[in-house]
Amino acid sequence: MSDGNQNPAAVPTLLPDVQGDGRWMSMHNHFVSSSKDKEPEVVFIGDSNVQLMHQFEVWRDLFSPMHALNFGGLGEGTQHVLWRMENGELKHIKPKIIVLWVGTFNQGNTAEQISGGIQAIVRCMQQRQPQAKVVVLSLLPRGKNPNPLRDRNKQVNELLAEAMPSMPNAMLFDLDPGFVHSDGAISHNDMYDYLHLSRQGYARICQPLHKKLLQLLEGRRVPAQQ
């Protein structure tokens, strides 16, 4: 399901200001204004998993040399990131690559709806930044032990793998280096709360992602999916 009129995960939506401090809108406005004097080659866009990446050494060591911007938000769903994309965050920049990572925080949505929401964001990016390659990052497993949300994320990835080849200038990149152990468990050393990555977890995913982005920036032919 990808029709924005039918799919709540594909309808641009403001993130509810539950805390009452306006942080999300302030963050959005900062992204719009701060991008006016920037010339990034790569822009990372998504939820708090993108935002937290900026706080670790891997960002400084691997992605800052690419003049990368980090537009990572709070615990957003696809519909909230779509709202940000349609309201100015792509207006002042012309990156070569946009990295999108969102979907695990979608509450109450099915795998089909989340996949449709991600595809809606990709189409929005393609309309506003036709020169950019869009790299969609796969959703990681979550929870210490097997659970329905882990199954849902896996299904989202399967649906995206089917859909992405038909989307021009876009690709799905599988991030998971094998976080789930043979007993079905995830280590807190990789995900400190079994949802957000630790320093070690980010190091494991960012090295191969950095290699892929370098290949794309250098114009080398790479597979549509890994």
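Gln155 is found in helix α6, where helices and strands are DSSP runs (H or I of at least four residues for helices, E of at least two for strands) numbered from the N terminus. The model is predicted, so local features need pLDDT of at least 70 and side-chain atom pairs count only at pLDDT 80 or more, whereas totals for chains, interfaces and linings use all residues. Residues are numbered from 1 along each chain as its sequence is written, and side-chain values use heavy atoms, with hydrogens and water left out.

Gln155 counts as partly exposed because its relative accessibility is 32%; buried means under 20% relative accessible area, exposed over 50%, and partly exposed in between, with a 1.4 Å probe and protein chains only. Leaving aside residues up to four places away in sequence, Gln155 touches Ala111 and Glu112, contact meaning heavy atoms within 4.5 Å. The side chains of Gln155 and Glu112 are joined by a polar contact of 3.1 Å. A polar contact is a pair of N or O atoms within 3.5 Å; within protein, one must be able to donate a hydrogen and the other to accept it, and residues adjacent in sequence count only if both atoms are side-chain atoms. From C-alpha to C-alpha, Gln155 and Val43 are 26 Å apart in space and 112 residues apart in sequence.

Helix α5 (residues 111-128) packs against helix α6 (residues 148-163) at an angle of about 50 degrees, and their axes are 8 Å apart. This angle makes α5 oblique to α6. Angles under 35 degrees count as roughly parallel, over 145 as roughly antiparallel, 65 to 115 as roughly perpendicular, and the rest as oblique. Axes are lines fitted to C-alpha atoms, for helices over the stretch in contact, and angles run from 0 to 180 degrees between N-to-C directions. The crossing of α5 and α6 is right-handed, a term used if the near helix is turned clockwise from the far one by less than a right angle. On the α5 side, Ala111, Glu112, Ile114, Ser115, Ile118 and Gln119 meet Arg152, Gln155, Val156, Leu159, Leu160 and Ala163 of α6. Seven of the residues in this contact are nonpolar, three polar and two charged. In this scheme Ala, Val, Leu, Ile, Met, Phe, Trp, Tyr, Cys and Pro count as nonpolar, Asp, Glu, Lys and Arg as charged, and the others, Gly among them, as polar.

| Helix pair | Angle | Axis separation |
|---|---|---|
| α5 and α6 | about 50 degrees | 8 Å |
| α4 and α5 | about 10 degrees | 9 Å |
| α1 and α4 | roughly 40 degrees | within 11 Å |

With an angle of about 10 degrees, α4 and α5 are roughly parallel to each other. Thr78, Val81, Leu82, Met85 and Glu86 in α4 meet a set of α5 residues that includes Ile114, Ile118, Ile121 and Met125. The contact of α4 with α5 comprises nine nonpolar, two polar and two charged residues.

Helix α1 (residues 23-34) and α4 cross at roughly 40 degrees, and they are therefore oblique to each other. Their crossing is right-handed. Trp24, Met25, Met27, His28 and Phe31 of α1 make the contact with His80, Trp83 and Arg84 of α4. By class, this contact has five nonpolar, two polar and one charged residues.

**Gln126 in α5**

Gln126 also has its place in helix α5. A polar atom of its side chain lies 2.3 Å from the backbone oxygen of Pro168. Beyond residues up to four places away in sequence, Gln126 touches Met167, Pro168 and Ala170.

**Loop residues**

Ser187 lies in the loop between β5 (170-173) and α7 (199-217). Ser187 is buried, with a relative accessible area of 16%, and its side chain reaches the backbone nitrogen of Asn189 at 3.0 Å. Apart from residues up to four places away in sequence, Ser187 touches Phe179, His181 and Tyr194. Tyr194 is found in the loop between β5 and α7 and is partly exposed, with a relative accessible area of 23%.

Most residues other than glycine have a negative phi. Tyr194, although not a glycine, has a positive phi of about 65 degrees. His67 has a positive phi near 55 degrees and lies in the loop between α3 (57-63) and β2 (69-72).

His92 lies in the loop between α4 (78-86) and β3 (97-101) and is partly exposed, with a relative accessible area of 30%. Not counting residues up to four places away in sequence, His92 touches Val32, Ser35 and Lys36.
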